[in-house]
Amino acid sequence: MMDLDEFQDFLDTHGPDPATWPAEDRRQAEALLGRSAAARAALAEAQRLDSLLARTLATERASEALRARILATAAGHARPAAAREPWRFRFAPPWWIGAASATASLLLGIYVGASGLPPFVPSEPPPAAGEIVDVADLAFGAAIDEETFP
Amino acid sequence: MAIEALRAEAWRPFGPAAPEGTGLWRSRVAIRPGDQDDELMARIAAGETGAFRRLMDRHIDAAYRLARRVIGSDAEAEDVVQEAFLKVWMRARFWKPGGARFSTWLWRVVLNQSLDQLRHPKPAPLDTAPEPADPAADPAEALIERQDETRVAQAVAELPERQRAAIALIYGAGASNAEAAEALGISVGALEQLLVRARRSLRARLKDSAT
């Protein structure tokens with residue numbers, strides 16, 4: 001059975017609105033209210049405090065100036081960029097580039113074959129295995145000497 | 001909970017940025033059915049300033065009351081609320097719908113910044129002091145009501161900051177016990193203990209001031 005002290009704790013925990021009281025304790029609280037004038041006075045005092053708190057704390061409104069300032073500040077702030085695909089995908093060529101390249105290669109091959117152009121023949125035979133070859137010769141040809149590129 | 005811990009928790013509802021302008025974001029996320037705030041955040045992420053204004057209108061009063069009660073200063077409360085909504089605007093694209101409720105997240109951000117402000121107060125500008133009320137302009141009954149409200153506001157202001165935050169969440173922001181507990185980063189039981197101590201203290205202070 002709930003006594004007056006327990007009822008006061010109950011009011012302080014759950015507030016004075018019976019609609020918000022947990023069902024398991026509400027029956028005992030209501031029974032105490034039915035037989036105790038002190039409990040009813042405690043409930044009335046808690047309701048008055050609740051009402052005063054609500055009236056004092058729940059009626060303030062943000063000013064119009066604050067609202068306008070927030071909107072203006074937000075408008076002046078650039079937002080961070082969205083997550084994007086990696087750059088290699090953003091710069092990927094369109095699908096038809098591959099097909100166009102293959103077609104161009106095919107047409108060039110047909111043209112070269114049909115026009116009778118001689119096949120490429122190297123002017124010098126390749127060096128035999130073990131022969132020392134100047135790297136500069138490979139890059140620029142055998143005619144280049146040290147005076148040209150000291 | 002320490003401010004640092006609250007701050008660490010504050011951005012949990014945010015995830016990786018969503019691509020802009022593709023419409024993929026809305027199709028990939030689980031927006032809570034009927035959750036207007038999640039829908040507004042999705043529209044803000046797409047750059048709709050009208051949605052931002054609407055979301056602000058829905059929540060700014062509660063956020064302001066919360067900051068005002070915890071800090072105790074109009075000007076500083078306004079700074080905190082402005083900063084919180086700027087975060088909403090800047091980070092809307094990172095919001096994870098279906099997670100924490102927007103209101104609870106906003107209250108937590110406002111609380112963090114308000115408690116931070118209390119620890120590192122800025123000098124208050126002289127021109128922001130509230131205008132004194134003119135008692136002669138009020139009828140007698142309104143005057144008594146105003147005196148009651150002044151006493152209550154004073155009693156709330158004298159509470160320890162966590163009790164004050166709990167009371168401001170419940171009465172100022174309209175949070176349920178569960179929502180207030182989440183905003184404070186504590187269990188519902190711990191929040192109820194804060195409320196018990198706060199209500200006892202308020203009752204005693206109001207009795208003292210009435211005698």
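This is a predicted model: local features need pLDDT of at least 70, side-chain atom pairs count only at pLDDT 80 or more; totals for chains, interfaces and linings use all residues.
Reader: What makes up the secondary structure of chain A?
Author: Chain A has 7 helices and 0 strands. Helices (H or I, at least four residues) and strands (E, at least two) are DSSP runs, numbered from the N terminus. From that end, chain A reads α-α-α-α-α-α-α.

Reader: And what does chain B have?
Author: Chain B comes to 10 helices and 0 strands, and its pattern along the sequence is α-α-α-α-α-α-α-α-α-α.

Reader: Why is Trp105(B) called buried?
Author: A residue is buried if 20 or more other C-beta atoms lie within 10 Å of its own, exposed if 12 or fewer, and partly exposed in between, with C-beta atoms placed from the backbone. Trp105(B) has 24 other C-beta atoms within 10 Å, so it is buried. You'll find Trp105(B) in helix H6 (residues 102-119) of chain B. The C-alpha atoms of Trp105(B) and Glu182(B) are separated by 8.7 Å, though these residues are 77 apart along the chain.

Reader: Why is Trp21(A) called partly exposed?
Author: Trp21(A) has 18 other C-beta atoms within 10 Å, so it falls in the in-between class. Trp21(A) is in the loop between H1 and helix H2 (23-35) of chain A.

Reader: Which residues does Trp21(A) touch?
Author: Leaving out residues up to four places away in sequence, Trp21(A) touches His14(A), Arg26(A) and Ala29(A). Touching, or being in contact, means that the C-beta atoms of two residues, placed from the backbone, lie within 7 Å.

Reader: Which residues of H1(A) are buried?
Author: Those are Phe7(A), Gln8(A), Phe10(A), Leu11(A), Asp12(A) and His14(A). Just after H1(A), Gly15(A) has a positive phi of about 85 degrees.

Reader: How much of each chain is buried?
Author: In chain A, buried residues make up 14% of the 150 residues. In chain B, they make up 37% of the 211 residues.

Reader: What makes a group of residues in chain B a nonpolar core?
Author: A nonpolar core is a set of buried Ala, Val, Leu, Ile, Met, Phe, Trp, Tyr and Cys residues joined through C-beta atoms within 7 Å. The largest one has 69 residues, and those with the most contacts inside it include Ala63(B), Leu66(B) and Ala166(B). Helix H4 (residues 49-71) of chain B gives the most to this core, with 11 residues. Domain 1 (3-119) and domain 2 (139-210) of chain B each supply at least three residues to this core; the domain bounds come from an automatic or database domain assignment.

Reader: What does Ala166(B) touch?
Author: Not counting residues up to four places away in sequence, Ala166(B) touches Ala180(B), Leu184(B), Leu191(B), Leu194(B), Leu195(B) and Ala198(B).

Reader: How do you know that Ile60(B) is buried?
Author: Ile60(B) has 21 C-beta neighbours inside 10 Å, so it counts as buried. Ile60(B) lies in helix H4 of chain B. Not counting residues up to four places away in sequence, Ile60(B) touches Ala62(A), Arg67(A) and Val81(B).

Reader: How many residues does each chain give to the contact?
Author: Chain A gives 28 residues and chain B gives 40 residues. On the chain A side, the elements giving two or more residues are helix H1 (4-14), helix H3 (37-57) and helix H4 (64-75). The largest share of that side, 8 residues, comes from H4(A).

Reader: What classes of residue are on that side of chain A?
Author: The side of chain A that touches chain B has 15 nonpolar, 4 polar and 9 charged residues. Here Ala, Val, Leu, Ile, Met, Phe, Trp, Tyr, Cys and Pro count as nonpolar, Asp, Glu, Lys and Arg as charged, and the others, Gly among them, as polar.

How values were computed: Residues are numbered from 1 along each chain as its sequence is written. Chains are lettered from A and ligands numbered from 1 in the order in which they are written.
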